[in-house]
Amino acid sequence: MELGLNTAIRVYQITKSILFSGFPFEDCKDRLALVTVAAGLRKAAVFDSPELETERLRTVLIDVGFITLRAKKIWVRPSLPLRGFKQQYVDIFEARHQPSRTPVLWVTTTKTEKDKISAVESSSDAGRVLQYPACCVRENIEEIRLVNESFLKALIKQVGENPQKIKAALKNNVSVELDIPDSIARGGNVELTNKQYPFVFHVACNSCLSSSDSPSATLNSHYQQLATDIDPKLRDAIFKLISVMDQLKDGQTDAERAALMSQMIDIRSRLLSSVS
Ligand SMILES: [Zn+2]
């Protein structure tokens, strides 16, 4: 298939009636993620929303010339080994039952890339295939390791050094107090990335967030430009959704949250029903 702006616009238009996600911000971002591949800016994209109309999307994309791949989850094993535990406990932890949200759908355009996607095992493999900045992938996998180490440590402290008890506690989703920096616990970079780089598909690292001349900043400006070229209303919808999401706060009533959610759904409906 021929990649470029014309294909990207066509793909955007013919997938407008397909639901990508029940959460409007994710839905609009997924539309943009797909067209980055159609435009030739990225070699692959992955979609993991439970509401995605997977079969409808696959049918349309295969017809255009895309290659699609379904997988149980984006990656199957951690990128960095846990430190400071007996191997037996690490094995139990890694074998734990982790329900994935839903099967995921990968999209690409070449056989070479399809083979790379098939070989994805860890989150750092996935980050490479999705062309996320290496600095952000590295920080992310280090944070995941820190959270997992802290979790396993707390769990062992709580149930004792007994493999059967550790297994049972993991199975029963026992909750423990984590000893990790607040910024990591709150997932602060997700929110900051949404505000600062609303057009990227990864979580930016601290270094990217503190520099306007970073890999994340560059990607953000390329993807924002693409959104503008595809449909300025898509770019505007992403900005509007960010500003509504910013009004979601802890301690709001269900009615307040529902009102903000319905504003977001409205923004998406107006975008997708508009003729460009
Ligand atoms: Zn970075």
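Modeller: A definition to begin with: two strands pair if DSSP finds at least two bridges between them. Bear in mind that this is a predicted model.

Colleague: Fine. In what order do the strands of the open sheet come?

Modeller: The order is E1-E3-E2, three strands with antiparallel pairing.

Colleague: Which strands stand at the edges?

Modeller: Strand E1 (44-47) and strand E2 (67-71). Each has a single partner strand, so one side of each lacks a neighbour in the sheet. On average, neighbouring strands are turned by 20 degrees against each other, direction ignored.

Colleague: How many bridges join E1 to E3?

Modeller: Four, with E3 covering residues 104-108. Ala44 stands opposite Thr108 in E3.

Colleague: And which helix packs on the sheet?

Modeller: Helix H2 (residues 24-38), which touches E1 and E3. The direction of H2 makes about 155 degrees with that of E1.

Colleague: Switching to helices. At what angle do H1 and H12 cross?

Modeller: Roughly 70 degrees, and their axes come within 10 Å. That makes H1 roughly perpendicular to H12. The crossing is right-handed.

Colleague: Which residues make the contact?

Modeller: Leu5, Ala8, Ile9 and Tyr12 from H1, with Leu226, Asp229 and Ile230 from H12. By class, that contact has six nonpolar residues, one charged and no polar.

Colleague: Gln224 next. Where is it found?

Modeller: In helix H12, residues 215-230.

Colleague: Why does Gln224 count as partly exposed?

Modeller: Because it has 18 other C-beta atoms within 10 Å, and buried would take 20 or more. Leaving aside neighbours within four places in sequence, Gln224 is in contact with Phe199 and Arg235.

How values were computed: Residues numbered from 1 in each chain as written. Predicted model: local features only at pLDDT ≥ 70, side-chain atom pairs only at ≥ 80, totals over all residues. Helix = DSSP H or I, 4+ residues; strand = E, 2+ residues; numbered from the N terminus. Buried ≥ 20, exposed ≤ 12 C-beta atoms within 10 Å, placed from the backbone. Contact = placed C-beta atoms within 7 Å. Axes fitted to C-alpha atoms, helices over the stretch in contact; angles between N-to-C directions. Parallel < 35°, antiparallel > 145°, perpendicular 65-115°, else oblique. Left-handed = near helix turned anticlockwise from the far one by under 90°. Nonpolar A, V, L, I, M, F, W, Y, C, P; charged D, E, K, R; others polar.
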